Amino acid sequence: MSYSVKEVFYSLQGEGFHSGRPAIFCRMSKCNLWTGREADRSDAVCQFCDTDFIGTDGQNGGKFINAEALCQHLLGFWPNDSDQNPFVVLTGGEPLLQVDEDLITALHKHKFEIAVETNGTKTAPTGIDWICMSPKANAPIILDSGHELKLVFPQPELMPDKVADLDFDYFYLQPMDDQDPNITQQNIKQAVAYCLAHPKWKLSLQTHKLLGID
């Protein structure tokens, strides 16, 4: 199988459980909840996405003919003198449209620790080391177990109580970002209040945006 990748970059994880951890980010092309085109946003299942995942023309993106070719590309972004195994975050778009057992096997052969950020509408191949699921309102939840559930908040049609009983180890609320900073601040305050009232939930902030890094 070939793999279409929008971009690859090395940075700090900005969100959730692994916040602050150095990681190689591999953004897979395509999503099943939105085409990525602004003209289609009003009809999309997920209307608040702020990520460009169309095509393979982003930084260090491309079309990779097989899993080994993609692994070799990713290895080039990990510090050569590191004594830590490389940590890769497969994201999107929706990575589980492309991530398969061949890619997981190849990454593990090269000692990668593998994390996936998914909307939960697809099943995951076995062997992924860390599954972070971010469900979206009006989308089916097929992947109902994993390590981390990160809910963008608020989504009026998908409030935390609807997913709090799923089989995940950690539960995070991430305030929805908005072009209007006043709305963003309101969302942060609401998320903080919800976490304080429901201690099962922890607050996740997009620290990469606060730090001004990718």
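How many cavities of 30 Å³ or more does a search of the whole structure find? The points below take up this question and then turn to the pocket, the core and the aromatic rings. The model is predicted.

1. **The cavity.** A search of the whole structure finds one cavity of 30 Å³ or more. The largest cavity holds about 60 Å³ of space. Its lining is formed by Q13, E15, H18, V89, A115, E117, W130, C132, E148 and K150. Strands β5, β6 and β7 each contribute at least two residues to this lining. By residue class, the lining of the largest cavity comprises four nonpolar, two polar and four charged residues.

2. **The largest pocket.** The space in the largest pocket amounts to about 1,200 Å³. Lining this pocket are 44 residues, of which E15, C49, D50, T51 and Q206 are the closest to its centre. The elements that supply two or more lining residues are β1 (3-12), β2 (22-28), β5 (113-118), β7 (148-153), β8 (170-175) and α4 (207-211). Among the elements, β1 gives the most to the pocket lining, with four residues.

3. The lining of the largest pocket divides into 14 nonpolar, 15 polar and 15 charged residues. E15 is named in both linings: it is one of the residues closest to the centre of the largest pocket, and it also lines the largest cavity.

4. In soluble globular proteins, nonpolar side chains tend to be buried together. Here the largest nonpolar core has 35 residues, and those with the most contacts inside it are C26, L74, V88, L90, L107 and I114. Two or more residues of this core come from each of β1, β2, α1 (67-75), β4 (87-91), α2 (101-109), β5 and β6. The largest share, five residues, is provided by β2. Strand β2 is also among the elements that give two or more residues to the lining of the largest pocket.

5. **The W130 and Y170 pair.** Eight aromatic pairs are found in a search of the whole structure. In one of them, the ring centres of W130 and Y170 lie 6.1 Å apart with the planes at 25°, so this pair is stacked. The pair links distant parts of the chain, with W130 in strand β6 (residues 130-133) and Y170 in strand β8, 40 residues apart. W130 counts as buried because its relative accessibility is 12%, and buried means under 20%. Y170, at 29% relative accessibility, counts as partly exposed. Ring pairs also join F17, W130 and Y170 into a cluster.

6. **The F171 and W201 pair.** F171 and W201 form an edge-to-face aromatic pair, with 5.3 Å from centre to centre and 70° between the planes. This pair, too, links distant parts of the chain: F171 lies in strand β8 and W201 in strand β9 (residues 201-203), 30 residues apart. Both F171 and W201 are buried.

7. **Charges over rings.** Which residue lies over the face of F171? K200 takes that position, at 4.3 Å from the ring centre. Elsewhere, R21 lies over the face of F87, at 3.8 Å from the ring centre.

Notes:
Residues numbered from 1 in each chain as written. Predicted model: local features only at pLDDT ≥ 70, side-chain atom pairs only at ≥ 80, totals over all residues. Heavy atoms only, no water. 1 Å grid on protein atoms, 1.4 Å probe; cavity = no way out; pocket = protein on both sides within 12 Å on 5 of 7 lines; lining within 4 Å. Points joined across faces, edges and corners; volume = space filled by probe spheres on them. Nonpolar A, V, L, I, M, F, W, Y, C, P; charged D, E, K, R; others polar. Phe/Tyr/Trp six-rings, centres within 6.5 Å; stacked < 30°, edge-to-face > 60°. Buried < 20%, exposed > 50% of the residue type's maximum accessible area, 1.4 Å probe, protein only. Lys NZ or Arg CZ within 6 Å of the ring centre and 35° of its normal. Core = buried A, V, L, I, M, F, W, Y, C linked by side-chain atoms within 4.5 Å.
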